[in-house]
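Hello,

Here is the structure I promised to pass on. Have a look at it first, and then read on for what I found.

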Amino acid sequence: MRYLLLSDIHSNIDALDAVLDDARGVETDGVLVLGDLVGYGAEPELVVERVRALAPLAIVRGNHDKVVAGVASDDGFNPLAKTSAGLTRRALSPASLDYLAALPQGPLAVDPVIEICHGSPFDEDWYLHQEMDVLEALATSKRPVCLFGHTHVPFVATAEAEGELETLLAGDGDGREIAIGAGRRYVVNPGSVGQPRDGDPRAAYGVVDTETLTVTVHRVAYPVERARDRIFAAGFPRPLGQRLMVGR
Ligand code: ZN
């Protein structure tokens, strides 16, 4: 199977449309969505509608989806995220709010090779930044390839038998195919469609192939100024627009 991987779209319709355009040339069997459809960006309703139209084979909720849908409180959110969650809730139709509220919690097994989660397989909201946590994710995932998001940074790693972490990709993502050899475990973050944080403002998405055992992270330029200006016009906090320009 070959899957298109979308994570952390964050209400950025300009980035999502550019990604879907770019991915049109790639034959896939279906779409996997790793959470955070909404939050931060100005077009939550359009993004939810677009994602629903893709009919993802599997999808998990992100921390922003939960807070916006009222499934979780915003206690852990910083002031920008709280303001954004409130504005996002008001911009969504009842049908889209119901859709977000019903999104399943990860991790979710997709097939014998792949599982998906938002943050980590041991805690859906945990950020896989630290090496120790990446090793724990590799140890606790129930499938050889665990796809995650939440950090907004492309990342691929595997572990030696002795537990030493081998990082195959950290940031960037240049369209190079990365082999995910049989008999080993991998964690894969395809990066963020709508709010990249690795210093590259281009949208990120991934493709994983369970037959050729490869994963690829692609980057796509999109009209960042347009996404920023939508954020300004909708009255969201301005830093949420400005950060898109620098990919941070
Ligand atoms: Zn996110």
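Let me start with helix α5 (residues 94–101), whose buried residues are Ser96, Tyr99 and Leu100; buried means under 20% relative accessible area, exposed over 50%, and partly exposed in between, with a 1.4 Å probe and protein chains only. These three span an arc of only 95 degrees around the axis, so they sit on the same side of α5 (the arc is that of the directions from the helix axis to the C-beta atoms). Pro94 and Asp98, on the other side of α5, are exposed. The cover over the buried residues of α5 includes α2 (44–54), β3 (58–59) and α3 (63–69). Helices (H or I, at least four residues) and strands (E, at least two) are DSSP runs, numbered from the N terminus.

A word on the source: this is a predicted model, in which local features need pLDDT of at least 70 and side-chain atom pairs count only at pLDDT 80 or more, while totals for chains, interfaces and linings use all residues. Residues are numbered from 1 along each chain as its sequence is written, and side-chain values use heavy atoms, with hydrogens and water left out.

β6 and β10 (residues 186–189) run parallel and are joined by three bridges, and Leu147 has Val188 in β10 as its bridge partner.

Finally, please look at Thr151, in the loop between β6 (145–147) and β7 (155–159). Thr151 is buried, with a relative accessible area of 6%. Its side chain makes a polar contact of 3.0 Å with that of Asn189 (a pair of N or O atoms within 3.5 Å; within protein, one must be able to donate a hydrogen and the other to accept it, and residues adjacent in sequence count only if both atoms are side-chain atoms).

Best wishes

Notes. Pairing = 2+ DSSP bridges. Contact = heavy atoms within 4.5 Å.
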